[in-house]
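Visitor: Could you take me through one part of this structure in detail? I would like to start with the chain as a whole and then look closely at a single spot.

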Amino acid sequence: MKHDCSKPETWPVADEKLVDLDAEETGEIARDIVSQIRKYKSDKGMSLGAELEYVHISANSENYVRLEKIRLDISGTGKIKDLELYEDEEMEKYAITFEK
């Protein structure tokens, strides 16, 4: 007998207790920052594999903690030689600069 997956009642339901909203937000920040790094490289005519000498990211305290968790992911994916993170309570979320 064939199983009919087109019926909504046969789809799995997520266990909401297992959802980690902080981890999801951290992942979104990582995705956004890597996207901005790729755009910067593209705008400058650089290869995505080219090393960036310096990237500075300022963030509010909540996002600073998240950025510390993904620091190695960002620097590795973006091929960043010197990634500087700075906590700035006046930031709404975070901002990236590519030059000192």
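Guide: Happy to. Let's begin with the contacts: among those in the chain with a separation of 6 or more, 77% are between residues 24 or more positions apart. Please keep in mind that this is a predicted model.

The chain has two helices and three strands, and along the sequence they follow the pattern α-β-α-β-β. Its radius of gyration is 19 Å, well over the 13 Å that the globule rule gives for 100 residues, so the chain is more spread out than a compact globule. The C-alpha trace spans about 65 × 35 × 20 Å along its principal axes. Of the 100 residues in the chain, 29% are buried. The chain exposes about 7,300 Å², and carbon and sulfur atoms supply 52% of that area.

Now for the close look, which starts with aromatic rings. The structure holds one aromatic pair. Its partners are Tyr 40 and Phe 98, whose rings are stacked, with 3.9 Å from centre to centre and 10° between the planes. The planes count as stacked because the cut-off for that label is an angle under 30 degrees. Tyr 40 belongs to helix H1 (residues 21-43), while Phe 98 sits in the segment after strand E3 (94-97), so the pair ties together parts that are 58 residues apart in sequence. Are these two residues buried or exposed? Tyr 40 is buried, at 18% relative accessibility, and Phe 98 is buried too, with a relative accessible area of 17%. Both values can be read against the cut-off for buried, which is under 20%.

From there, let's turn to His 56, a residue of strand E1 (residues 52-59). His 56 also counts as buried, at 15% relative accessibility. What does its side chain make polar contacts with? One partner is the side chain of Tyr 54, at 3.2 Å. Another is the side chain of Ser 58, where the polar contact is 2.8 Å.

If you leave aside the neighbours of His 56 within four places in sequence, His 56 is in contact with Glu 84, Tyr 86, Ala 95, Ile 96 and Thr 97. Strand E3 covers residues 94-97, and the contacts of His 56 include Ala 95, Ile 96 and Thr 97.

To put the two spots side by side: the stacked rings are those of Tyr 40 and Phe 98, and His 56 makes side-chain polar contacts with Tyr 54 and Ser 58.

Technical notes:
Residues numbered from 1 in each chain as written. Predicted model: local features only at pLDDT ≥ 70, side-chain atom pairs only at ≥ 80, totals over all residues. Heavy atoms only, no water. Phe/Tyr/Trp six-rings, centres within 6.5 Å; stacked < 30°, edge-to-face > 60°. Helix = DSSP H or I, 4+ residues; strand = E, 2+ residues; numbered from the N terminus. Buried < 20%, exposed > 50% of the residue type's maximum accessible area, 1.4 Å probe, protein only. Polar contact = N/O pair within 3.5 Å; in protein donor to acceptor, adjacent residues only side chain to side chain. Contact = heavy atoms within 4.5 Å. Rg over C-alpha atoms; globule rule 2.2 N^0.38 Å. Areas by Shrake-Rupley, 256 points an atom, 1.4 Å probe, with all protein chains shown as cover.
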